[in-house]
Amino acid sequence: MKSSASSAAMIGRESDLADLHAVLADSLLGIQRCVVIAGEAGIGKSRLLEEFQAETRDRVLALVGQCVDLGTVGAPYAPIMGVLRDLVSVMGAEAVNRAAGPGRAALWALLPELKEAALKEAALKEAALSEATGFPEPAAGTPVQETGLNHLHEVVAVLLENFSRQTPLLVVIEDLHWADGATLNLLRFLLKVVTRGRMMFVLSYRSDDVPRGHPLRGFLSELERSRRIVRSELGRLTRAQVLRQAQAILGSPPGAEAFESVFERSEGVPFFVEELLGIDDCDDGGVLPETLRELLLARYERLSPPTQHLLRLISAGGVRVRHDLLSVVFEGDADALDVGAREAVLANVLVADVDSYAFRHALVREAIQADLLPGERTRFHTRFAEALEALPQDRRVAVEIAYHWTAAHNVSRAFPASLTAMAEAKASYAYSTAAQMGERALELWDQVPHPDHVATRTKIDLMGQTASALRNAGKGERSLAMVNQALAECPPDDGFRYARLLRDKAYYLATSGSLGSIELLKEALALVPEGSPGDLRSTILTGLAARFMIEARPAEAIAFGEEGLAEAQRVGSARYSSVAANMIGIASINRGQVDHGMAQLERARQLAEGDGSALLRYRVNYSDMLHLLGRYREAVTVAERGLVRARELGLERSSGVILASNAVDPLFALGEWDRADTLIQRGLDLDPPLAFAVYMHRARLRSILWRGDSEAAAQQLRAVRSMMSNLSEVEMQTRLGTAQMAGEIALACGDLDRAWAEASVLLSPESRQLPGYDLPLAALAARVLAARRAAEAGDVGLAEPGTRADQGTRAEPGSGSSSASDFDLAERQLREVLAHDSFWPTFPLWNGLFEAELGGPRGTGTDPTAWQEAVDEIRRSASPVYLLPYAQLRLGIAQIEVGERQAALETLRAASVQATEIGAGLVTHALARVASRAGLVLEGGAAAHRRTAEAPDLTTRERQVLELIAQGLSNRQIGEQLFISAKTASVHVSAILRKLGASSRTEAVFLARSPANH
């Protein structure tokens, strides 16, 4: 008996199918999930997905993308294009363009038919307008906009989200082990940022084809860290399941001997069971193949010679071959092609859809492809390459053409094809593929006659372009190696070319947090004399101004900025004129010329009008400066407007992230911590470059710490300190900002020596002053200095607020102890820093805190008058909101120290209200400790203590909620932590307050930790 290709019913995957349905149910409710299905070749991944799609056809729109096997280089965005084409086929090109919004032009590099539809629609609008007005005008809304890699990512995300609100979407990407780098980057982005709409992603890959070092491994490791990812590993079938499968395929039970042989040889892999049962007379105990190769080729070898020839040809074409392409490369007539294809389909070797053929399983294709003779391989790949080149421009995929010429060993054709593929990949923002194609072309360079004429560029230029693609693909070290190789081969007397390479290397070093940029830029500048054509000299000069500004060397930044401005104006470059004015403005303000600097920034804004890139750069620096000057609300406005524009231009992952971080800092100062946290999470989800990631991590550390979880902040700091240290080597603002954050965390954890090591960076010889960063760091250093003085004298008192002095922080002799003279010297040096920065608008605020921290007879911050003055200054100033409850806490402690207990109680209660209002758990925890040691009851009085002692025990869940309340989390955040709704969290909070007899969340935390409750 001859078997069918497979059983009508899917065997052994019932639970896997049920799991997919469960995830879909969540997705239909708007809970975004992704299922990653792994399994060895032949295990049934595709069959499972087919069954799932069939069962959900009436509920979701399935969009399917297939990764393409082109050897070591994947076709850029091949599966994404499949998904988008499915969407276009159902919804129509016009609807897709409208759903993509203003950024739809970013999709046109992938789907030219969308551009045609948009231009046709624009032409119709123009014609209608012309008829109505009597003269033609450009149609409003014609989609012309600057695009980029991140813009493409954003547009695809917006497109899917918009459609998923109308129709639930099931996005399936198969054979991820063949995915190109660009596809993986886009999927990484989508899985992180797509949070709205009703959408489910399913990814599948062949686990036995992902060895160590495979690009997919890193991608999968990232997915493991997301709670939105569901992993599914398909296992082999059991003996009973194989028997059920065999009976379903054969239509009757197999013979015992044949079944034993099938089960043993298939090892429970469904596809192998199908192939073994597909062999004639297998159920009668016939001879079965001894090797896997024989098994895979068994059906193929029973076909007629012409059909075998056709299958060998198709195997060279790829995973799926279109009929029209096959008809071109096939040497016979159409009838012969149809006869051969039909025989292969009936034999269950090929499957056919509307317009193409594919092998029923990739393993069969690989076995036949491996069986090609050298001559066949060359001829077949040559035919495919020529046929693909003959296609219309909008239907060609250059990387496929390059693949076939390379496989045909035709170097003279593979070389230009690789260059074309590089350009095409770059145009579609597939930088990893562009880099691979550039490297392939470089490998072939010396094998081609007159390669510079063929390439229309020098080898050194190609190396520079490849290095740029590598950098954009996130391969910084490889990019730097390529630039170094180009510099080694470029004659130094080739001035402009050598200077460009030096400039590019300087840029790569700076963005990777490495030293050496300034020296390289100066070397490049020397090679481009004044009056040189083009804007190369102005880019180098503004680059130098930027590096000096970042390294807090304002005089040099201004000098190079002014020269760069003059050079940019000479060559008519408004962009670099704006950048130069921008650098001059920031450096001037940091140098003390605040009004002049603000005027230069306004000049930079005016010069940037109409230039998205220059305007974003202005907004980045201006919003940051507004924050440092204490103009928090203005800073948020400028940063958020810039962030919107960055998203429109597709630059959210770079300029957008730094603008978001510039909004986060003032939002935190304003007390809008939830808004800040949302921006922080979004920024980190975008997986930004090093510098931008550091800014976001620093902001997250501040949020974690001030919400009250110092241990978590310390742990997170250890995880990211390395990247922060790297950037600190080249950015003074990062060095000072990181010291501020690390010092606060160390202090909160009770490590005074570490806190001083961090804060005293301000006094190191390598430190250069930046007033906006110096002043808060000086206040922190004063606080640590006071705590160290107290610890050295053994004066623990009521504990340094935010630290765990009760666990012992006194510096013992020989373990970093310091003399009084050392402390006095440090104080004098800190006062010198303050005097230098006294022109800064926020100086009165930070100076008031500084004086209070070191007030009192022993210089340990115990003077109530100084703290009252600090509180008054905070109230007068536009100060960060968390400083008020902190200063009130310190005032209350000072009042207790001098015996003013009633005044202290009122002060501490006011601090409690302020801290609870903004969720400053760091302060509320300190308040609880101080009140406990001083014997003060901040809320509720003795009756509350009696009620607490009599209150019923809290449940396990209520205690979990209480711990999160103590960290300053809102009901929504508690719900996210415990995977419950905000409403359920609110119910638990109400129960806790009732059981403890507390009138507020702060009181509940205090009462739960009081002795009466233990």
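Okay, let's start with a charge on a ring: Arg 702 lies over the face of Phe 668, 5.5 Å from the ring centre. By that I mean NZ of Lys or CZ of Arg within 6 Å of the ring centre and within 35 degrees of the ring normal.

Quick housekeeping. This is a predicted model, where local features need pLDDT of at least 70, side-chain atom pairs count only at pLDDT 80 or more, and totals for chains, interfaces and linings use all residues. Residues are numbered from 1 along each chain as its sequence is written, and side-chain values use heavy atoms, with hydrogens and water left out.

Back to that ring. How many aromatic pairs does a search of the whole structure find? Eleven. Rings of Phe, Tyr and Trp (the six-membered ring for Trp) pair if their centres lie within 6.5 Å; planes under 30 degrees apart are stacked, over 60 edge-to-face, and the rest tilted. One of the pairs is Phe 668 with Tyr 882, tilted, at 5.6 Å centre to centre with 55° between the planes. That pair ties together distant parts of the chain, 214 residues apart: Phe 668 sits in helix 32 (residues 652-670), and Tyr 882 in the loop between helix 41 (864-876) and helix 42 (883-897). For the numbering, helices (H or I, at least four residues) and strands (E, at least two) are DSSP runs counted from the N terminus.

Phe 668 and Tyr 882 are both buried; the cut-offs are under 20% relative accessible area for buried, over 50% for exposed, and partly exposed in between, with a 1.4 Å probe and protein chains only. Tyr 882 has another partner: its ring centre is 4.7 Å from that of Trp 706 and the planes are at 40°, so this pair is tilted. Again the link is between distant parts of the chain, with Trp 706 in helix 34 (residues 690-706), 176 residues from Tyr 882. Trp 706 is buried as well.

Three strands form an open sheet, order 6-8-7, with antiparallel pairing; strands pair if DSSP finds at least two bridges between them. Strand 6 (320-322) and strand 7 (350-352) are the edges, each pairing on one side only. On average, neighbouring strands here are turned by 25° against each other, direction ignored. Those axes are lines fitted to C-alpha atoms, for helices over the stretch in contact, and angles run from 0 to 180 degrees between N-to-C directions.

Three bridges join strand 7 to strand 8 (residues 356-359), and the two make a hairpin with three residues between them. Leu 350 has Phe 359 as its bridge partner in strand 8. Strand 6 also has three bridges to strand 8, where Val 321 stands opposite Tyr 357.

So what happens on the faces? In a regular strand the side chains alternate between the two faces of the sheet. In strand 8 both faces are covered: Ser 356 and Ala 358 are buried on one side, Tyr 357 and Phe 359 on the other.

Now some backbone angles. Most residues other than glycine have a negative phi. Asn 348, though, has a positive phi of about 65°. Asn 348 lies in the loop between helix 15 (334-346) and strand 7 and is buried, with a relative accessible area of 19%. His 409 has a positive phi too, near 60°.

With 17 residues at 1.5 Å a residue, helix 19 should span 24 Å, and its end C-alpha atoms are 24 Å apart, which agrees. The expected span is 1.5 Å times one less than the number of residues. Its buried residues include Ala 414, Phe 415, Leu 419 and Met 422. The cover over those buried residues includes helix 18 (398-407), helix 20 (431-444), helix 21 (451-455) and helix 22 (459-472). Just after helix 19, Tyr 429 takes a positive phi of about 65°.

Last stop: His 153, in helix 6 (residues 149-166). His 153 is buried, at 5% relative accessible area. Leaving out residues up to four places away in sequence, His 153 touches Tyr 77, Asn 185, Leu 186, Phe 189 and Leu 190, where contact means heavy atoms within 4.5 Å.
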